[in-house]
Amino acid sequence: MNSESLLTRVGLSSSWNKGASLLTFVSNALLNQLGNVSSDKKRLTLITGAVATTTFVLWKMMIPRRSKTLKIEMVSGGLPYFGHYFELLRDHQAFIKRCKKEKGPVFAIRINNENFTIVTGSLIREMLHKSRYFNFEEGIQSIIPIERALQVSYDHKYKGEKLSRREKNPVSYPIKHNFQEEQLGVFSERLQLAVDKVLSAKLNIQPGEKKTLPAWETLALTVSQISCLCFCGSKIGCNQEFVLAMANFTKNVIRIGIALTVLPNWIANFIIKRYLSVESQIDLIMDLVVPELEKIRAGEISHDQEPTYISMALDLPKAGGQLRTPKEAAFAFKSVVLASIHTTTQTASFALHELACRPDLVADLRAEIEKLDKITPETVGEIRLLDSLLREVLRYDISIFGMNHKVMEDVILSTGQVIPRGQLVHGAMFDAHTSPETMPETSHISSTPLDQFDAYRFLNAKDNNMTSSSINSEFMTFGLFGHACPGRFFAVHEIKYLLAVLIMRYNITTKSGERAQDFLMRGMTRFPPTESLIFEGRKE
């Protein structure tokens, strides 16, 4: 292949010819000038100019012209107003397969009169990597305006601090740097106390005695008790009014967000302030946490003996070096509650429903737990089968579309398609975690197809990156890169221990003996079954 045909293939032929002509003209002009210059200083100036000009022209010549960008196309079909909702609800796997075949790895769909951009496979990883263009927090706010919900409820009392870009976030920074896997031992006793406290109150049944309970409510209360004790300390964490308020906080904020989304502002504001406000729950945070932090700041309480999130937030200096006030640190705790209790409860609930219909799996887990000298969060965390179960729950019991991000600037994907600023983008999460194309390593460690649940899938995985708290391109439930969940180690830690205690104390079943159906919101977001579970006491 000659040089001309090569240039033509890479799209540089015309630019190369123009550049070559320009270089010839410039070089001839400079040579003529050099012949007329006697001064060394002027001669050096001309040579420097020649080098700079040559470098610039060569640089422009070697940059390939960007091909014409492509628009993201809407998938065919759909009904007036409802769009593709019913097809998605009927068989989401077949629907996404059709979409990819028709439009490629990125496409647009319409659900209930709203358009959504969907990215699939490796493009989800690309989205998570380009944090400059895709913003997760803004994506959440576009769906459920949580920030506005809190403002309507509490701005008349306290607005909190405004964080600059240089600021270490008082919500995520203490979690990221103090709740790593090797640092969780300081919370062990409080975690055990929390689980025993709730189960003794809600499920104190004798061997052979049965009790039917909604899994979500019991688990939410347990997770809230764990969070309150570990994040706020024993004194505040034992306040049952506080624990119950935090267990329901996120659910109540979401209700406000829905009201703000579907109602005109003046009607929504009236209803929220009169009926839905979380003012009393935030009041409880401020009334209990602020005095405790004031005592810590005054040196009346040593937080070294019982590390807590609230003391870590208090000790985190602002960008200018000044200390955060007890009020500011206490107010940040509401965001920790929003980000952790609800999501941890959801994962634990999925896991419990998977266990309730698999008695053989429960028997295998009990056999592993019985080998332990003592059941603690640390010893339970070493059980490979329990970790395999949890990773499979996080992989398989995942929303159809998730990782919702808002586009902050026009962005060109590697496919050449442009997503305009302001667009809401969803990742096809279930498809990405069940496709052999995007899960090559995972698909080879078990004979069970990826679109089927297998609690034993990761049991014999040799790769240490295949644990329930690790993240990689084949396991994006906790996010990737800068989007990765900083609290995932603590969440996995508490879920494993909670499941182990439940397995040893109770026989857990569904009414039918089969896995209950999940609840799908708008055909896109998956929630655990609402069906109650049957708990039967057993001898430990």
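How many bridges join E7 to strand E8, and in which direction do the two strands run? In this predicted model, strand E8 covers residues 417-419 and is joined to E7 by 2 bridges, with the two strands running antiparallel. Within this pairing, isoleucine 412 has valine 418 of E8 as its bridge partner. Both strands belong to an open sheet of 3 strands, arranged in the order E1-E8-E7 and with mixed pairing. Strand E1 (70-71) and strand E7 (411-412) form the edges of the sheet, each pairing on one side only.

Two packed helices are described by the angle between their axes and the distance between the axes. For helix H10 (residues 188-202) and helix H11 (residues 215-232), the axes come within 8 Å and cross at roughly 145 degrees. The crossing of H10 past H11 is right-handed. The contact of H10 with H11 is made up of 9 nonpolar, 3 polar and 3 charged residues.

The structure contains 1 cavity of 30 Å³ or more, and the largest cavity holds about 40 Å³ of space. Among the residues that line the largest cavity are Leu199, Leu203, Leu352 and Phe535. Two elements, H11 and helix H23 (488-505), each give two or more residues to this lining; H11 gives the most, with 4 residues. By class, the lining of the largest cavity has 8 nonpolar residues, 2 polar residues and no charged ones.

Note on methods: Residues numbered from 1 in each chain as written. Predicted model: local features only at pLDDT ≥ 70, side-chain atom pairs only at ≥ 80, totals over all residues. Heavy atoms only, no water. Pairing = 2+ DSSP bridges. Axes fitted to C-alpha atoms, helices over the stretch in contact; angles between N-to-C directions. Left-handed = near helix turned anticlockwise from the far one by under 90°. Nonpolar A, V, L, I, M, F, W, Y, C, P; charged D, E, K, R; others polar. 1 Å grid on protein atoms, 1.4 Å probe; cavity = no way out; pocket = protein on both sides within 12 Å on 5 of 7 lines; lining within 4 Å. Points joined across faces, edges and corners; volume = space filled by probe spheres on them.
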